[in-house]
Structures are given as structure tokens and as C-alpha cells.
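Welcome, and please take a moment to look over the model below. The report that follows walks through some of its parts, one at a time.

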Amino acid sequence: MKKLTTLLLFLISIHCFSQEYHTIDNLIFKEKAYQIQAKFNDSDFNIKIANTEKHEESLGITYSVESITFQTIVIQLIKKIDDNIADDYKADENDLKTVENVLPKVLKKKKALRSLTEIIDGEPAQYSGKITLNNEVKLTKSSDKCSNIGQNQANIAKTDDVINIKKAYINFFNNKASTIVLEGYINEDENEKVTVVNNNFSVPIRYFNNYGSKNKFSVSENKCYKIDYNDVFAFDSDQHFNYSVANTELHFDKENLEQQVMQRQFFDFFTAVLYTDVMAFDNNNSNSLVNAQAKLLLPLNQKNSTIKNANYTLFRQLIAEANIALYNGSNDSFRTIEITQSTANNITTNTAFNHFDLLTKNNINGNLAVDILSHEAKRFFSYISLGYQGAFYRTALKVSSVNSGEGDAAKDNENISSLISTSHGPYVNIEIRPQTNFGADVSLSLNKLSYSGSNTIDDINLNETILDDGVEHFGFQYNIVNIKADFYWLTNPNKGKKGGVFVRLGAYYHTQNYQVHPQLMVGYATNLTSFVNKFSPTK
């Protein structure tokens with residue numbers, strides 16, 4: 001547990017790396033000692049040189065600075081510190097040689113710090129291709145009333161009408177164009193200005209190269225058109241059509257018909273959370289006080305299948321989650337299953353424990369879930385998904401052995417072991433992603449919790465020790481009902497920050513022992529780009 005705690009603190013310290021001065025080297029110049037520090041910015045860096053009495057800082061220096069120029073800057077800063085150096089002093093060859101190794105050390109430090117932050121932030125920005133706007137698109141026209149047009153309906157007729165697109169906007173979120181706005185005119189007629197928005201479905205970027213993603217819009221009550229996004233945009237890639245797209249915003253106009261597409265890196269799908277369970281402040285609960293969570297949301301299939309104008313996706317995404325209890329509070333026994341084993345007259349007996357304790361007292365757990373069938377309720381900024389999940393739990397077991405006798409004949413012994421249990425079952429999740437600095441997930445799941453470890457530990461038959469009172473419900477062998485609501489708030493999205501507040505409110509109900517395990521978690525998440533559809537636009 002100490003190793004896990006150390007690793008967590010290490011990752012947090014890396015992620016929280018700020019633009020402060022970092023020590024580069026100690027320098028002896030004209031028999032006096034100086035410390036050299038550097039502060040790294042996006043496009044330049046600053047140098048600070050100090051002795052025991054004073055310091056001087058440089059202006060911004062580009063990373064492509066010539067070595068001789070950098071050496072001159074360093075010597076000029078030293079001259080400002082050392083009053084004994086004459087104002088008209090000019091550095092000779094020996095002085096320049098003394099400071100010539102400083103620049104390589106500065107660049108090496110910058111590279112080392114960047115390598116560490118990339119552990120969390122991913123590789124530097126990479127572009128998977130470019131999107132080109134076609135600002136004049138031929139339209140297909142409905143032969144019936146506008147209200148009868150479906151996304152894939154065929155009762156349309158060819159027309160010579162075109163839409164002249166003056167502006168376009170795309171918002172990419174979780175590998176889909178969640179919002180596409182087209183502004184223009186029909187046949188350059190300023191009286192027929194239109195704004196086309198994909199109000200019914202998100203568009204995977206692959207449909208910028210393939211027909212099949214159509215949107216309807218109307219100019220008047222009986223004048224309606226359809227437009228296919230393959231006619232509007234073209235996606236060109238140098239990487240054999242890499243459809244991984246970073247969450248970003250793209251803007252097009254007559255001066256900017258092409259925009260590069262930033263590739264989404266692996267750690268963009270990952271978030272780390274440090275949180276506390278408020279219920280742990282009650283010493284009668286087994287909730288852990290300080291916890292760490294790692295969560296990965298990975299989009300899978302992005303194709304929309306339309307049934308009666310409703311959009312469905314099979315196997316839309318995979319969600320993996322791991323939780324570790326770092327600190328259980330002042331009374332650690334509430335987080336441990338305890339059994340007392342007694343021996344008297346050569347007969348050994350032991351106490352039993354509640355089956356629900358395998359879940360409520362676990363200190364490490366992991367969960368893997370797949371959204372099997374998802375419906376996009378675009379007008380409500382939501383997805384409703386039916387999925388299946390599996391989980392494991394590691395729970396500590398402490399066995400205390402007590403022998404009867406007097407004096408030295410009475411001996412106590414304690415052994416600590418680990419119990420592994422698993423669960424699986426279906427769930428329904430409502431994913432809410434309004435285009436603001438807020439997101440939420442509300443889910444209901446049924447699970448079958450089972451002990452999956454060794455049947456015998458310290459000569460104790462666990463099948464006879466775990467208490468299973470009550471009956472199973474719902475017509476299936478599910479003994480756990482879990483309802484939870486996760487909330488996410490970006491704290492400073494306008495400055496490009498990805499972190500924010502994480503809150504979970506939920507409860508587990510055990511149908512065999514009729515017990516409830518509530519949870520109220522509050523913490524900080526390092527990266528919410530997969531859970532909040534709000535971010536600063538690309539400049």
C-alpha cells in the first residue's frame with residue numbers, strides 16, 4: 001500500500017508541474033560562485049543567476065538561440081550582480097568557455113521535465129490529417145412535407161439548388177462531431193439564409209469520406225432539403241485515415257477552408273481522481289477516508305444505425321475503472337474482515353462474517369464495462385446505454401487464533417490474508433454531456449457478487465463462514481443493486497485546464513442480507529475531457 005501511495009503522489013507531483021524556476025547548475029566565474037536557474041515557457045525560457053546577495057533575471061530567450069548569444073546574455077547578467085566587473089568589460093575566450101556548457105544543460109533539463117509531464121499529458125500534439133470545407137454543395141429536395149423526412153428516407157428528388165456555405169463550425173467530442181453548424185444561403189439568395197445544425201445525431205469523422213450521414217433542414221414550411229456531410233467536408237489523412245480526433249473546435253470561413261485535425265492521444269482518455277468518502281467520517285461505517293481512482297473511457301464503434309429516425313450504436317465504448325483505499329481513517333478495523341478462531345478441548349470453532357463485507361470492506365477493486373446498445377438523445381445532450389460489466393474486489397481478512405489455557409499456555413496469533421471476490425451483471429446508464437463545464441452519469445446496475453478465492457484459509461472453510469441470509473430477487477441470481485450518480489465540473493476551462501471537481505452519490509443494496517452501503521465521494525480529477533463537453537477552442 002505504501003508503494004501505491006508513493007506512486008500516486010509521484011504522478012500528482014508530475015501532473016501539477018508548474019512554470020517555476022528550476023536549478024540548472026552551479027557556476028564558478030572569476031573565482032565567484034553563482035547558481036543558474038531556468039523557467040520554461042511554451043516558446044521561450046528565462047534565466048535567473050544568483051549569488052548569496054542578489055539575483056538577476058533575463059527576458060525571454062528562444063530555444064533556438066545561438067550559443068554565443070546565450071553566453072553573452074549569461075555574462076551580462078553576472079556583470080549586473082558583481083559590482084567589481086567594469087561596465088566596459090568584454091568577455092575573453094576563457095570567460096566564454098566557462099559558460100559554454102550552460103545552454104546544453106538548460107535544454108537537457110527542459111527535455112527531462114517534458115518527458116515527465118508526458119507521462120500524464122501524452123505525446124506532443126500530433127495531427128492525423130486535415131478537414132476541407134466545400135463551400136458550395138448541391139442539395140436533394142423533399143417531394144413530400146418536411147415533417148415526413150427521415151434520415152435515410154428515399155422520397156427525395158434531385159434539384160439544381162445549392163447551399164453556399166459562408167461559415168462552418170465543428171465541435172469534436174469523444175471521436176465524434178457532436179455539433180456541426182453550417183451558415184449560408186440557398187443559391188446565393190440573401191433572402192434564403194439558412195443555419196443547418198445536426199440536432200438529431202452526432203457525426204463520426206469517417207462520414208466525411210463516406211455517404212450515409214444525412215441531415216434535413218427547411219427553408220419554409222413546404223420547402224425542405226437534405227444534405228450529406230460527405231458532400232460538405234472532406235477528411236484527408238497521411239496516416240491511412242486515422243479517425244482518432246482530439247476534443248476540439250474547428251472554425252471555417254471563405255478565408256479558412258482547411259483546418260488541421262489534432263490526433264487524440266492515449267492519456268486523453270484517462271483520468272486520475274483523488275477523493276474522500278464523506279461517509280467515512282462516521283466511525284461506524286466501513287467507507288475509506290482517502291481514495292484514489294484511475295478511469296479510462298475508450299470509444300469503440302462510432303457508427304450510427306437508424307431505426308425509425310432514432311440513432312443507435314452497438315458497442316459504443318469501453319470503461320475501465322480501478323479504486324484503491326489509501327487511508328481508512330482512525331479505526332482501520334472497520335475496513336477489515338475479522339474472524340476469531342478459538343480452540344478448546346481440541347475443538348476449533350470460528351466466527352462468521354457477512355457476505356456483503358466482501359464489497360463494503362474491500363481496499364482494491366476494478367471494474368470493466370461495455371456499452372452494448374446506446375441511443376443518442378441529441379436534443380437532451382445525452383446517451384442512454386444498456387451494457388454489461390464485471391468487477392473484482394480484494395478484501396483483507398484477519399484471523400485471530402485464541403487457545404484456551406492459563407499463563408504461557410494461552411497464546412494469541414494473528415494472520416492477515418486477502419479475499420478475492422467477483423461480480424457481474426447488466427446496467428443502464430444515462431450519460432449527460434451538455435456543452436458547458438458540467439457533465440454527469442446516472443446508472444442503475446444489478447450484480448451477482450460471489451467469493452472467488454480459495455475455499456480454505458488457515459484451516460477455515462470459508463463457504464461455511466460467509467453468512468448468506470435472505471433470498472435472491474429479480475428472477476435472476478443477482479444479489480447486489482447499485483444506483484449511483486457521478487458529477488463532473490471543470491474548474492477553469494477557459495484557460496485550457498482539464499481538471500475539476502468529481503462527486504459521486506450512490507448506494508449498494510444487498511438483497512440477501514437486506515443491508516445498504518451508502519457512498520458520498522468528493523474529490524479532484526486531473527483530466528475530464530472524456531466526461532465534460534467543454535474546452536477552450538483551438539487558436
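This is a predicted model: local features need pLDDT of at least 70, side-chain atom pairs count only at pLDDT 80 or more; totals for chains, interfaces and linings use all residues.

Which residue lies over the face of Tyr-383? Arg-316 does, at 3.8 Å from the ring centre. A charge counts as sitting over a ring if NZ of Lys or CZ of Arg is within 6 Å of the ring centre and within 35 degrees of the ring normal.

Residues are numbered from 1 along each chain as its sequence is written, and side-chain values use heavy atoms, with hydrogens and water left out.

**The whole chain**

The protein chain has 7 helices and 34 strands; helices (H or I, at least four residues) and strands (E, at least two) are DSSP runs, numbered from the N terminus. Of its 539 residues, 46% are buried. Here buried means under 20% relative accessible area, exposed means over 50%, and partly exposed lies in between (1.4 Å probe, protein chains only). Among contacts (heavy atoms within 4.5 Å) between residues at least 6 apart in sequence, 65% join residues at least 24 apart.

**Nonpolar cores**

A nonpolar core is a set of buried Ala, Val, Leu, Ile, Met, Phe, Trp, Tyr and Cys residues joined through side-chain atoms within 4.5 Å. The largest one has 31 residues, and Ile-131, Leu-182, Phe-208 and Phe-233 have the most contacts inside it. Strand S8 (residues 156-173) supplies the largest share of this core, 5 residues. A second, separate core of 24 residues includes Phe-29, Val-65, Ile-85 and Leu-103. In soluble globular proteins, nonpolar side chains tend to be buried together.

Once neighbours within four places in sequence are set aside, the contacts of Phe-208 include Ile-131, Ile-170, Phe-172, Tyr-229 and Phe-233.

**Paired strands and rings**

Two strands pair if DSSP finds at least two bridges between them. Strand S32 (residues 480-490) runs antiparallel to strand S28 (residues 438-451), and 10 bridges join them. On this side, Ala-440 stands opposite Phe-487 in S32. S32 also runs antiparallel to strand S33 (residues 500-510), with 11 bridges, and Leu-490 stands opposite Gly-500 in S33.

Tyr-275, Tyr-488, Phe-502 and Phe-531 form one aromatic cluster. Rings of Phe, Tyr and Trp (its six-membered ring) pair if their centres lie within 6.5 Å, and the count comes to 10 aromatic pairs.

Asn-175 and Phe-315 each have a positive phi in a residue other than glycine.

**A closer look at Ala-294**

Is Ala-294 buried or partly exposed? Ala-294 counts as partly exposed because its relative accessible area is 28%. Its place is in strand S18 (residues 290-299). Setting aside neighbours within four places in sequence, Ala-294 is in contact with Phe-270, Thr-271, Ala-320, Glu-321 and Ala-322. The C-alpha atoms of Ala-294 and Gly-366 are separated by 9.4 Å, and these residues are 72 residues apart along the chain.

Methods: Rings of Phe, Tyr and Trp (its six-membered ring) pair if their centres lie within 6.5 Å; planes under 30 degrees apart count as stacked, over 60 as edge-to-face and the rest as tilted.
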